[in-house]
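This briefing is intended to be read alongside the sequence and coordinates. Please keep the structure in view while working through the topics below.

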Protein chains: 2
Amino acid sequence: MSWIDVTYHLRCEAGEAAARARAIAIEQSIEMPPEAVARPEILADTLGQVEAVETLGADLHAIRLRLATGTIGADAGQLLNMLFGNSSLHDDLTLVDADLPAGSKRALGGGPRAGLAGLRARVDAGARALTASALKPQGLPPEELARLAHAFALGGIDYVKDDHGLAQQGFSPFHRRVPACAAAVRRATAATGHPTRYVPSLSGSLDAVREQLRILREEGLDTAMVAPAILGLSNVQQLVREHEGVAFLAHPSLAGAARIAPPLLAKLWRLVGLDAVIFPNHGGRFGYSSETCRQIAAAALAPSGGIAAALPVPAGGMSLARVPEILDFYGNEAMLLIGGSLLAEGERLSQATAAFVDQVHRHARTESHA
Amino acid sequence: MSWIDVTYHLRCEAGEAAARARAIAIEQSIEMPPEAVARPEILADTLGQVEAVETLGADLHAIRLRLATGTIGADAGQLLNMLFGNSSLHDDLTLVDADLPAGSKRALGGGPRAGLAGLRARVDAGARALTASALKPQGLPPEELARLAHAFALGGIDYVKDDHGLAQQGFSPFHRRVPACAAAVRRATAATGHPTRYVPSLSGSLDAVREQLRILREEGLDTAMVAPAILGLSNVQQLVREHEGVAFLAHPSLAGAARIAPPLLAKLWRLVGLDAVIFPNHGGRFGYSSETCRQIAAAALAPSGGIAAALPVPAGGMSLARVPEILDFYGNEAMLLIGGSLLAEGERLSQATAAFVDQVHRHARTESHA
């Protein structure tokens with residue numbers, strides 16, 4: 001038997017915590033009264049076990065359970081189902097962490113193929129931090145998005161991605177948007193010599209996403225973005241398996257924040273093979289604390305039994321003025337994603353991008369001389 | 001142009017509510033500063049609009065937005081992305097409701113094919129409430145699960161479903177479990193004359209689920225269960241489209257409760273064509289209020305521009321003693337799902353099931369004479 005160590009945070013009165021812990025262990029495993037289970041081996045091998053209940057303060061308790069890996073197998077959707085399926089319906093409970101044994105890690109995906117190192121190599125970045133931006137707003141036709149992609153690439157950016165809101169809309173369907181933007185970036189990279197990558201956003205069913213990946217490969221692209229909380233983690237797992245040469249960035253859309261700890265999501269997304277994890281940086285337009293951001297970056301990067309590092313991508317309402325501070329915070333093992341405040345430069349987009357790129361490159365040189 | 005009316009609940013100080021509402025309207029549409037958008041038609045046709053900000057009390061505000069249907073198209077995953085994608089990362093914000101225009105409703109799925117009426121017809125139930133139970137615990141081999149299915153069916157139950165935790169585990173893989181349980185239910189229905197339906201739980205990627213549906217059809221089954229929050233709503237939409245004869249029950253696993261209002265999820269799941277919505281009944285082992293449960297049932301049943309009603313399925317820690325009260329609460333347009341407390345009867349499972357079934361049938365007769 002092997003087990004997953006799972007941690008939840010529960011808000012309830014101290015006198016109720018132990019009973020609630022037992023109830024969660026049942027809910028996330030056999031889901032029926034243990035006394036009604038006739039087979040003793042199910043109570044030993046399948047029933048979740050309460051390892052510890054610790055008081056964290058006032059009405060907050062850390063609950064540590066062991067869940068049997070035998071209930072999960074190799075499917076990442078089933079992993080989520082057993083970690084938090086029914087228990088997500090309790091609004092006083094948060095899923096905080098999960099430590100999987102090595103065998104489960106391998107079975108569930110074994111981590112990124114490209115990851116931090118591969119995403120750096122794609123753009124000849126050496127050991128510096130990476131730069132990225134986004135194509136928006138929604139409503140622009142393909143040729144306008146392509147014009148923006150061209151300007152970003154002329155500025156020497158590393159990755160330029162579709163806004164996660166770009167999908168299969170009438171104003172810019174995938175099969176018109178992606179060839180237009182890919183061609184624009186090819187033209188720019190021929191001029192700059194820098195291998196800027198265009199990253200289309202994938203959306204829809206697994207079938208739809210596969211067709212989008214076909215177009216992406218046809219255009220000579222090798223990097224794509226998915227939103228695992230919308231596509232479903234089992235489908236992400238399948239995509240990663242069958243597209244070996246493609247690096248995948250994970251977008252946090254619909255991933256919530258209040259119920260599953262963001263660093264755990266980063267850890268699970270890395271585990272199934274996503275190469276980069278986008279998340280809202282502290283001090284931007286989302287409420288993540290600097291501590292949460294530090295933990296997300298650590299979940300992407302920390303050594304984990306031979307699993308490759310994923311690339312942390314802080315984003316969301318960042319300005320050029322903050323670049324040095326952000327680089328000081330994350331160091332060079334990160335990609336800075338700045339969208340709106342570059343796009344606000346209008347006709348000066350390439351120059352503003354070049355200034356962003358230059359700041360990041362210079363910071364790397366300063367670091368290496370320090 | 002057509003628009004979706006969306007309602008959020010936001011916890012913040014009264015002085016901040018209007019600015020937050022504008023920020024959410026931007027986040028869920030163009031996602032960049034409006035002043036940096038050069039094309040006036042994007043501000044008119046694509047930018048989300050704040051319709052109203054109402055104070056609900058203390059620090060709670062209702063925000064009503066209009067989001068352009070043009071940003072969504074016909075994909076249900078993209079609908080979730082635009083309703084709550086990035087904004088789900090704000091832990092003070094809840095998505096409460098969304099009203100779609102008729103054209104979007106049709107494009108996104110148009111609702112159940114079987115629905116309440118079809119699920120009643122499958123089991124010759126007339127206008128009474130339906131009965132259901134679940135096969136568990138995890139860890140049982142296929143032949144033991146089949147024995148339980150046989151006992152439930154002998155008791156005359158309408159639907160017997162896999163526990164949502166049953167997936168592709170070594171102890172009971174789908175391709176062995178489903179034929180065994182289907183055969184057991186066939187044997188029982190030959191004896192009882194009541195057309196009990198066995199409902200396998202689908203899991204994994206869209207590919208895996210399709211293969212499971214192939215086995216399901218091969219066994220002559222016509223009803224299946226999915227967890228839309230795990231499989232992904234775009235994939236559910238695709239499954240529904242391509243499996244016309246199959247009725248789908250929606251399981252709430254991983255659907256949370258604190259961030260997207262459960263009645264809205266019921267409404268969206270019905271919209272894409274799911275035929276029944278399982279949810280935790282009030283007073284069981286989950287914290288849903290009776291008012292939330294009433295709203296979920298209403299979201300499944302309420303007239304909605306020609307869209308068929310879905311079947312409300314209250315579940316979760318219900319006992320036989322509560323059956324009359326539950327029937328009084330939901331009336332006959334519901335399916336009562338009782339699992340653990342029937343399974344706890346052990347060797348008396350068929351008799352306990354028959355007593356449950358009898359209670360529901362008698363209640364319907366009393367109602368019709370009232």
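The points that follow cover the contact between the chains, the symmetry, and selected elements and residues.

The model is a predicted one. In it, 71 residues of chain A are in contact with 71 residues of chain B. A rotation of 180°, with 0.0 Å of shift along its axis, superposes chain A on chain B with an RMSD of 0.0 Å. The two copies are therefore related as by a two-fold rotation axis.

**Interface between the chains**

- On the side of chain A that touches chain B, at least two residues come from each of the helices α2 (40–45), α3 (76–84), α8 (206–218), α9 (228–231), α10 (233–242) and α14 (340–343) of chain A.
- The most is given by α3(A), with 6 residues on the side of chain A that touches chain B.
- Sorted by class, the side of chain A that touches chain B comprises 33 polar, 29 nonpolar and 9 charged residues.

**Symmetry**

- Among the residues of chain A, Gly232(A) comes closest to the rotation axis, its C-alpha lying at 2.3 Å.
- Both copies use the same surface, as 100% of the contact residues of chain A recur in chain B.

**Open sheet of chain B**

- Four strands of chain B form an open sheet in the order β2-β3-β1-β4, with antiparallel pairing.
- From one strand to the next, the twist averages 20°.
- The pairing of β2(B) with strand β3 (residues 60–68) of chain B is antiparallel and extends over 7 bridges; within β3(B), Ala62(B) is the bridge partner of Glu54(B).
- Helix α1 (residues 17–27) of chain B packs on the sheet and touches β1 (3–11), β2 and β3 of chain B. The direction of this helix makes about 140° with that of β2(B).

- Strand β10 (residues 276–280) of chain A has 5 of its 5 residues buried, so it is largely enclosed by the rest of the structure.
- Both faces of β10(A) are covered: one side carries the buried residues Ala276(A), Ile278(A) and Pro280(A), and the other carries Val277(A) and Phe279(A), which are also buried.
- Strand β9 (residues 247–250) of chain A pairs with β10(A) in the parallel sense over 2 bridges, and Ala250(A) has Val277(A) as its bridge partner in β10(A).
- Strand β11 (residues 311–315) of chain A also pairs with β10(A) in the parallel sense, over 5 bridges. Here the bridge partner of Val277(A) in β11(A) is Pro312(A).
- A right-handed β-α-β unit is made by β10(A), helix α12 (residues 290–301) of chain A and β11(A).

**Helix α11 of chain B**

- Helix α11 (residues 262–271) of chain B is mostly covered, with 10 of its 10 residues buried.
- The buried residues of α11(B) include Lys267(B) and Arg270(B), as well as Leu264(B), Leu268(B) and Trp269(B).
- The packing partners of the buried residues of α11(B) are β4 (93–99), α4 (102–108), α9 (228–231), β9 (247–250), β10 (276–280) and α12 (290–301) of chain B.
- Just after α11(B), Gly273(B) adopts a positive phi of about 115°.

**Two buried residues**

- Val226(B) belongs to strand β8 (residues 223–226) of chain B. This residue counts as buried because 24 C-beta neighbours lie inside 10 Å.
- Apart from neighbours within four places in sequence, Val226(B) is in contact with Leu202(B), Leu231(B), Val236(B), Phe248(B), Ala250(B) and His251(B).
- Val226(B) and Ala208(B) are 18 residues apart along the chain, and their C-alpha atoms are separated by 12 Å.
- Gln28(A) is placed in the loop between α1 (17–27) and α2 of chain A. Gln28(A) counts as buried because 24 C-beta neighbours lie inside 10 Å.
- Not counting residues up to four places away in sequence, Gln28(A) touches Gly48(A), Leu67(A), Met82(A) and Ser87(A).
- The C-alpha atoms of Gln28(A) and Pro112(A), which are 84 residues apart along the chain, are separated by 28 Å.

Definitions and conventions: Residues numbered from 1 in each chain as written. Chains lettered and ligands numbered in written order. Predicted model: local features only at pLDDT ≥ 70, side-chain atom pairs only at ≥ 80, totals over all residues. Contact = placed C-beta atoms within 7 Å. Nonpolar A, V, L, I, M, F, W, Y, C, P; charged D, E, K, R; others polar. Least-squares fit on C-alpha atoms with pLDDT ≥ 70 in both. Buried ≥ 20, exposed ≤ 12 C-beta atoms within 10 Å, placed from the backbone. Pairing = 2+ DSSP bridges. Axes fitted to C-alpha atoms, helices over the stretch in contact; angles between N-to-C directions. Right-handed = clockwise from strand over helix to strand, strands pointing away.
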